[in-house]
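Here is a short report on one protein chain. Please keep the viewer open while reading.

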Amino acid sequence: MTDKPAALPARPHFSSGPCAKRPGWTPSQLAIDSLGRSHRSKLGKARLKLAIDLTREILGVPDTHRIAIVPASDTGAYEMAMWTMLGARPVTALAWESFGEGWVTDAVKQLKLNPTVITAPYGELPDLAAVDFSTDVLFTANGTTSGVRVPDYDWVPETREGLTFADATSAVFAQGVDWAKCDVLTYSWQKVLGGEGAHGMLILGPRAVERLESYTPAWPLPKIFRLVAKGKLTEGVFTGETINTPSMLAVEDYIDALQWAQSIGGLPAMMARADANAAALDAWVQARPWVEHLAKDPASRSNTSVCLVLPGLPEDQVKAMVSLLEKEHAAYDIGAYRDAPPGLRIWCGATVDTADVVTLTRWLDWAYVQVTR
């Protein structure tokens with residue numbers, strides 16, 4: 001019999017998006033001078049540029065790459081890249097979970113590009129050696145809904161004909177990026193930094209800029225996707241002159257998260273926190289016969305969106321566990337993604353404290369007993 005734990009996680013926020021705010025976060029700590037001001041004012045543009053400059057510093061984005069704040073979260077950023085650059089050459093799309101499958105749908109049904117599609121079931125990684133880099137390549141750096149990530153970027157050649165498009169929304173700030181291998185990289189603020197939604201980040205290497213300035217898609221582009229004017233990149237977008245009106249409150253929250261990351265030691269410290277969280281959860285999994293990682297191979301197992309399955313438990317009992325833990329305020333929003341196999345999805349990104357992960361595991365033991373007795 002497992003007794004009910006006496007202590008709750010200090011922050012039971014284990015959702016995989018939006019994710020836990022940074023430790024110690026309160027809204028009163030946000031700078032608010034930019035609120036109620038035009039984002040095109042001197043102050044507004046300065047704050048937007050600061051967000052871009054801090055992003056470059058912490059992620060180590062080289063000067064060769066441009067960084068923009070764009071509308072509609074990671075989805076908007078990735079679709080902006082697809083709609084403006086694809087069609088110049090054949091396309092290969094990799095999919096091993098729901099978001100990668102979404103980009104396949106866009107390429108097939110919306111853009112009608114007839115891509116080569118390389119897939120793998122949930123929990124596995126496609127054959128990366130089968131990718132033809134004479135084509136443009138779409139991939140997800142970290143499968144948020146499957147817990148499977150690319151282990152590294154060694155499979156991407158530095159000399160390639162096509163462009164690489166990396167959806168890295170649940171990877172950046174917790175996993176390394178080889179910028180020489182990424183022509184396009186996108187993410188959103190609400191993942192590893194625990195920021196607010198509705199804004200995306202678009203990072204373009206020089207080969208992507210060359211594509212934008214030399215190729216015009218066959219389809220019309222809505223205003224919020226337009227990055228080029230008169231055949232030249234609209235440089236202002238990459239210095240904080242956003243295409244549409246951003247939420248300056250969300251911008252200030254993003255700056256706050258970046259400054260926190262900077263204060264704890266930058267990218268190495270962020271990656272170490274995520275690794276420690278994932279290791280604590282893995283130690284618990286390895287000691288329990290009734291729970292397993294959905295991701296089969298430890299080398300490609302995510303350190304942020306850790307997905308677990310309970311092979312001997314019917315789906316209704318898994319959902320009962322999730323509901324019970326939320327009712328007890330021990331864990332919020334840890335059910336598997338709706339398209340994924342039934343199970344648990346526990347966020348282990350850098351804004352989560354390892355002590356809370358350890359406390360959560362005790363509640364998982366208790367909840368399992370409650371639904372199976």
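## A covered strand

Both faces of strand β13 are covered: S305, C307 and V309 are buried on one side, and V306 and L308 are buried on the other. The model is predicted. Strand β13 spans residues 305–309, and five of its five residues are buried. In a regular strand, side chains alternate between the two faces of the sheet.

Two strands pair with β13. Strand β12, residues 292–293, pairs with β13 in the antiparallel sense over two bridges. Here H293 has L308 of β13 as its bridge partner. β14 also pairs with β13 in the antiparallel sense, over four bridges. On that side, S305 stands opposite W347 in β14.

## Salt bridges across the sequence

How many salt bridges does a search of the whole structure find? The search finds 17. One of them joins the side chains of R66 and E235, at 2.8 Å from N to O. R66 lies in strand β1 (residues 66–71) and E235 in the loop between β11 (232–233) and α5 (248–263), so this pair ties together parts that are 169 residues apart in sequence. R66 is partly exposed, at 25% relative accessibility. E235 is also partly exposed, at 38%.

R211 forms a salt bridge with D136, and the closest N and O atoms are 2.8 Å apart. Are the two partners buried or exposed? R211 counts as buried because its relative accessibility is 9%, under the 20% cut-off. D136 is buried too, at 0%.

R207 forms a salt bridge with D183, with the closest N and O atoms 2.9 Å apart. R207 lies in helix α4 and D183 in the loop between β7 (164–167) and β8 (184–188), so the pair ties together parts that are 24 residues apart in sequence. R207 is partly exposed, with a relative accessible area of 25%. D183 is buried, at 4% relative accessibility. Elsewhere, salt bridges that share partners join R11, R273 and D353 into one network.

## A positive patch

Which residues form a positive surface patch? The patch is made of R40, K45, K223 and R226. R226 sits in the loop between α4 (206–214) and β10 (228–229). R226 is partly exposed, at 46% relative accessibility.

## Backbone exceptions

Most residues other than glycine have a negative phi, and most peptide bonds are trans. Some sites here depart from that pattern. The peptide bond from G17 to P18 is cis, with omega near -10 degrees. P18 lies in the segment before α1 (42–59).

S73 is not a glycine, yet its phi is positive, at about 60 degrees. S73 lies in helix α2, residues 73–85. S73 is buried, with a relative accessible area of 13%.

D333 is not a glycine either, and has a positive phi of about 60 degrees. D333 lies in the loop between α7 (315–327) and β14 (344–347). D333 is partly exposed, with a relative accessible area of 46%.

Terms used. Residues are numbered from 1 along each chain as its sequence is written. This is a predicted model: local features need pLDDT of at least 70, side-chain atom pairs count only at pLDDT 80 or more; totals for chains, interfaces and linings use all residues. Side-chain values use heavy atoms; hydrogens and water are left out. Buried means under 20% relative accessible area, exposed over 50%, partly exposed in between (1.4 Å probe, protein chains only). Patches are made of residues with over 30% relative accessible area and no salt bridge: like charges are joined within 9 Å, nonpolar side chains (Val, Leu, Ile, Met, Phe, Trp, Tyr) within 5 Å. Accessible areas come from the Shrake-Rupley method with a 1.4 Å probe; for residues, only the protein chains shown count as cover. A salt bridge is a side-chain nitrogen of Lys or Arg within 4 Å of a carboxyl oxygen of Asp or Glu. Lys and Arg count as positive and Asp and Glu as negative; His and the chain ends are not counted. The place of a charge is taken as NZ of Lys, CZ of Arg, CG of Asp or CD of Glu. Two strands pair if DSSP finds at least two bridges between them.
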